[in-house]
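Please read the following walk-through with the model open beside it. The text goes from secondary structure to helix packing and then to single residues.

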Amino acid sequence: MSRLSEEERDIFENAIYLPMLLTVLDRDYKVAETAPFKLKQVYLNLIVHTMKKVQKDMRENKTTMYKRKWKLTKGDNDGYFTEYNFYFNGYHEVHRYFNDNLRNNTEKLLNQYFLHRH
């Protein structure tokens with residue numbers, strides 16, 4: 001059983017998902033630059049705008065973790081699960097995430113940024 005509240009867990013999970021989302025957006029930007037879109041600049045602007053919002057949220061999340069003296073480190077990845085070590089308030093917890101869930105939750109987060117934050 002975790003000692004973290006739901007809000008605290010969300011902070012740690014943002015530290016996992018936001019960098020993943022930024023990586024996805026960066027790759028998509030590179031693909032969109034060479035894609036044969038008729039209105040390419042619109043897509044590039046959408047990606048850049050979203051990347052800036054993600055970077056801002058990452059900065060705020062990192063500041064929160066720094067102030068609370070929390071740390072997140074990535075552990076082992078066996079191809080199916082990825083471990084993350086949560087260090088907080090003198091405690092250490094290991095959380096395992098199914099890699100497909102990491103991908104699906106990153107996709108959901110991208111949808112939120114594209115559809116609900118503009």
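Helices (H or I, at least four residues) and strands (E, at least two) are DSSP runs, numbered from the N terminus. Lys-69, for example, lies in the loop between H2 and S1. The model is predicted, so local features need pLDDT of at least 70 and side-chain atom pairs count only at pLDDT 80 or more, while totals for chains, interfaces and linings use all residues. Residues are numbered from 1 along each chain as its sequence is written, and side-chain values use heavy atoms, with hydrogens and water left out.

The protein contains three helices and three strands, arranged along the sequence in the pattern α-α-β-β-β-α. Its C-alpha trace spans about 55 × 30 × 20 Å along the principal axes. Of its 118 residues, 31% count as buried; buried means under 20% relative accessible area, exposed over 50%, and partly exposed in between (1.4 Å probe, protein chains only). Contact means heavy atoms within 4.5 Å. Among the contacts in the protein with a separation of 6 or more, 54% come from residues 24 or more positions apart.

The axes of H1 (residues 6-34) and H2 (residues 40-68) come within 9 Å and cross at roughly 155°. H1 is therefore roughly antiparallel to H2. Axes here are lines fitted to C-alpha atoms, for helices over the stretch in contact, and angles run from 0 to 180 degrees between N-to-C directions. Angles under 35 degrees count as roughly parallel, over 145 as roughly antiparallel, 65 to 115 as roughly perpendicular, and the rest as oblique. The crossing of H1 past H2 is left-handed, a term used if the near helix is turned anticlockwise from the far one by less than a right angle, with right-handed used if clockwise. The residues of this contact between H1 and H2 comprise 17 nonpolar, five polar and eight charged. In this count Ala, Val, Leu, Ile, Met, Phe, Trp, Tyr, Cys and Pro are nonpolar, Asp, Glu, Lys and Arg are charged, and the others, Gly among them, are polar.

H2 has 29 residues and reaches 42 Å from its first C-alpha to its last, close to the expected 42 Å; the expected span is 1.5 Å times one less than the number of residues. Its buried residues are Leu-44, Ile-47, Thr-50, Met-51, Val-54, Asp-57, Met-58, Asn-61 and Met-65. The cover over these buried residues includes H1, strand S1 (71-77) and H3. One of the residues in helix H2 is Asn-61, which counts as buried because its relative accessibility is 8%. Leaving out residues up to four places away in sequence, Asn-61 touches Ile-11, Asn-14 and Ala-15.

H1 also packs against helix H3 (residues 99-116), at an angle of about 75° and with the axes 9 Å apart. The two helices are therefore roughly perpendicular to each other. On the H1 side the contact involves Ile-16, Tyr-17, Leu-18, Met-20, Leu-21, Val-24 and Leu-25, and on the H3 side Asn-101, Leu-102, Asn-105, Thr-106, Leu-109, Leu-110, Tyr-113 and Phe-114. These residues divide into 12 nonpolar, three polar and no charged. Leu-109, in helix H3, counts as buried because its relative accessibility is 13%. Apart from neighbours within four places in sequence, Leu-109 is in contact with Tyr-17, Leu-18 and Leu-21. The C-alpha atoms of Leu-109 and His-49 are 15 Å apart, at 60 residues along the chain.

Most residues other than glycine have a negative phi. Just after H2, Lys-69 takes a positive phi of about 60°. Lys-69 counts as exposed because its relative accessibility is 73%. Asn-89, also not a glycine, has a positive phi of about 50°. Asn-89 lies in the loop between strand S2 (81-88) and strand S3 (91-98).

The last stop is in strand S1, where Thr-73 is found. Thr-73 counts as partly exposed because its relative accessibility is 24%. Not counting residues up to four places away in sequence, Thr-73 touches Glu-83, Tyr-84, Asn-85 and Tyr-87. The C-alpha atoms of Thr-73 and Met-51, 22 residues apart along the chain, are separated by 23 Å.
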